[in-house]
Structure formats: C-alpha cells, structure tokens
Amino acid sequence: MVRPRSGYRDIVRYSGTPVRCAIDLSDNTNLWGTAPVALHAMRQASTEDLSRYPSVSAAGLRDALGRYVNLPAEMIVTGCGSDDVLDSAIRAFAEPGDTLCLPDPTFSMIPVFSRANGVRPIAVPLTRKMEIDADAMIALGARVTYLCSPNNPTGTRSSREVVEKVVAAANGLVVIDEAYAEFDSATFLDLVSTGRVLVTRTMSKAFGLAGLRVGYGVASPDIVAEIEKARGPYRIGTLAESAAIAALTHDVAWMREQVAAMVQNRTRFIGELRARGFAPLDSFANFVLVPVTSCSEVSNTLAAGGVAARAFQSLAGIGDAIRITIGPWPMMERCLELLGSVK
Ligand SMILES: *Cc1c(COP(=O)(O)O)cnc(C)c1O
C-alpha cells in the first residue's frame, strides 16, 4: 500500500450518530426545524446559480454576517461549517510540531483537527466547577489556545474574568468557540479587538441550517486574511450562501422565538430530571449533560425506545454521561419516560 502521512495513523474517521432513531436528540441541531425564509431562498435557485462558481470568499454572506454581529465584513471569515474555520485557523497559526491547548472535556473535533495539521493537542481538565483552568492553560504557552463557551458537551459557560486572563497571558492565537452563542446572553466577541482572539460561530445550531455547512469566524482583518489563505477559495456553495444570507436578513426573529421555546423546555426538562434523582449540569446551550452510572446502558435503553442521545464514556471530572439535545416538549417527554426506566 502507498504510505499515508504518519501523523494520520492514529486519527479515527468520524462516524457520526451510529443509530438512526425516530427522535434524534444526539447532535444539538434545531429540532423545531429550519429558518423558513432560508428554505424559500434555496427553492428559488436558477441554472445560472448552479452552472457558475460561487463568489471566492462569500462576499455577500460576509456582509450579512457583519450586519448580524455588528462588525465590518473584513473581520469575518466563512467556512464549510465552523469546523472548516477551526481547522484552517489551527493550520494558519501553528506550525507542525507546535502545541494546541484545550479544556477537557470539550468539542471532540479539536484534537482531530489539531493532529490532522501536525499539531499536538494538550488537554487541561476543567476545574471542579466546570471552569477553565486558566493558570494551567497559560503555563503551557501553546501556539493556539482553544476555549468553548457555552462548552460542548458540558453546556456550562466560562466567566469573563477567566477568559480575559487567558487572553491577556496567551502566547498565540486564542480561539473562542461560540457555536451556541444564540442560546446564551454572554459573548466574548468584543475580545477580538485584542488582535489575538478568533471567535467562531455557526448557522448549524440556532438557525437550523446544519445541512448547509455554513460557519464563520470573527477576528481582526489580519487574522482573517491568514485563515482565508489556510482555508482556500470557494468553500461556500451558491445555494448555501443565498440561504444563509436570507436567514440572517429575515429569520432572526424566527430564530429568537425558537431559542425562547428551547430555554423554557430546558428549564422544565432539568427540573423533571432532578425530580427523578438525576443531577444534570446547568446549561447555557440547547442541550443538557446528565451524569449516569453507565452511558452505554442508558443510551441503549433510549435507542430501544426510539430516542438517540450522545453517550460519553469516562469524561474528565464527570464520569459517564449522556448529552441530550432540547427539542419540542413531546420529544423530551418521551426521553423522560425512557430515562425513568433506567433509574
Ligand atoms: C456543532 C459544533 C461546531 C461545528 O459546527 P459546524 O458549523 O456545523 O461545523 C463547532 N463547535 C462546537 C462546540 C459545536 O458543538
């Protein structure tokens, strides 16, 4: 066999949700549906839209995103999902052999992107209060520091004080992943003015457009330019771009309504879980992490009853846990019924 790049030997191909269930609470997408005007925009596509290349760097989308986050378009970089922005940012700001530090637990793709770029990931356990261990992260002096708030899979958020401390002392780029920003009132977007922070966001979660693969980063124009070089041209298809622009222009009120409904159900779901003897973590995102004795037992019980949830084995400082996406109440009720039978 031809010899593949040696650093790739230990990278496992991503397999996604292993079981397809009638109710899928496994991937934190919007279970109320998709941004309606965006869907309409997709259906308007013409021959011209498909036979020609899209714009090189999604200029129209960057304008719409700039209006959405209230910053100039030259501070926005788009990608094929925020995954693409994260991957490109690591490539742009760390040399092969450098280190990237990240909290543990956090978004499982980061060590994968890190290794794929020849960069060594170093995980720093969250404190007992599920907060970033700023001193331990700073001490590593990593080329790239990754933070996630609200954090996946814990759902917890970082305090401003701790994040500012990391940013002030960091030796390189600080990435703050805000994939769940729309579900939380806090944001660290203002820290991009320090000139060493990249905030990443996505249309996949609150806007219900995961199938389009549209994500973006916000940073100073010089950081944006480097990430664009590492990413390459033409990453957003014409249909995805026009739908995302429509969503940002016309579906923000729709999105906020869904978020309000989600918050209500999240509070109710957490209350019901506590009443059943579970100890779910507080959440600032559209999912809840529930520590359990055996995550495989619980996820099998849920799957047998038609509900998919994400199982996490032996999470640092937590142990086994199940991550459950919050959706319309009948879905949550079914999930509670099944959870009642494992307790
Ligand atoms: C879902 C998710 C993403 C990736 O989103 P895409 O834009 O769909 O690639 C990034 N970060 C976190 C923490 C996520 O949970």
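**Notes on the predicted model**

1. N70 is found in the loop between helix 3 (59–69) and strand 2 (76–80), where helices (H or I, at least four residues) and strands (E, at least two) are DSSP runs numbered from the N terminus. Although N70 is not a glycine, its phi is positive, at about 65°. With a relative accessible area of 68%, N70 is exposed; on the scale used here, buried means under 20% relative accessible area, exposed over 50%, and partly exposed in between (1.4 Å probe, protein chains only).

2. On the basis of these notes: this is a predicted model, in which local features need pLDDT of at least 70 and side-chain atom pairs count only at pLDDT 80 or more, whereas totals for chains, interfaces and linings use all residues. Residues are numbered from 1 along each chain as its sequence is written, and side-chain values use heavy atoms, with hydrogens and water left out.

3. Y234 also has a positive phi, of about 60°, although it is not a glycine. Its place is in the loop between helix 8 and helix 9 (238–250), and at 39% relative accessibility Y234 counts as partly exposed.

4. K229 lies in helix 8 and, at 62% relative accessibility, counts as exposed. K229 and N70 are 159 residues apart along the chain, and their C-alpha atoms are separated by 24 Å.

5. How do helix 4 and helix 8 pack, and at what angle? Helix 4 (residues 81–93) and helix 8 (residues 221–231) pack at about 100°, with their axes 8 Å apart, the axes being lines fitted to C-alpha atoms over the stretch in contact and the angles running from 0 to 180 degrees between N-to-C directions. The two helices are therefore roughly perpendicular to each other, a description that covers 65 to 115 degrees, while angles under 35 count as roughly parallel, over 145 as roughly antiparallel and the rest as oblique. The contact (heavy atoms within 4.5 Å) is made by D84, V85, S88, A89, R91, A92 and F93 of helix 4 together with I223, E226, I227, A230 and R231 of helix 8. These residues divide into seven nonpolar, one polar and four charged.

6. The largest nonpolar core has 86 residues, and those with the most contacts inside it are I176, F207, F269, L302, I324 and L339; such a core is a set of buried Ala, Val, Leu, Ile, Met, Phe, Trp, Tyr and Cys residues joined through side-chain atoms within 4.5 Å. Helix 10 gives the most to this core, with eight residues. A second, separate core of 23 residues includes L102, C148, L198 and I227. Leaving aside neighbours within four places in sequence, the residues in contact with I176 include L147, V163, F188 and L198.

7. N286, in the loop between helix 10 (252–275) and strand 9 (287–291), counts as buried at 2% relative accessibility. The side chain of N286 reaches the backbone oxygen of N28 at 2.9 Å. Beyond its neighbours within four places in sequence, N286 is in contact with N28, T29, Y180, F183, M262, I324, T325 and I326; of these, I324 is among the residues with the most contacts inside the largest core.

8. Two cis peptide bonds deserve a look: one joins S149 and P150, with omega about -10°, and another joins N152 and P153, with omega about 15°. P150 is found in the loop between strand 5 (144–148) and helix 7 (160–169), and P153 has its place in the loop between strand 5 and helix 7.

Notes. A polar contact is a pair of N or O atoms within 3.5 Å; within protein, one must be able to donate a hydrogen and the other to accept it, and residues adjacent in sequence count only if both atoms are side-chain atoms. Ala, Val, Leu, Ile, Met, Phe, Trp, Tyr, Cys and Pro count as nonpolar, Asp, Glu, Lys and Arg as charged, and the others, Gly among them, as polar.
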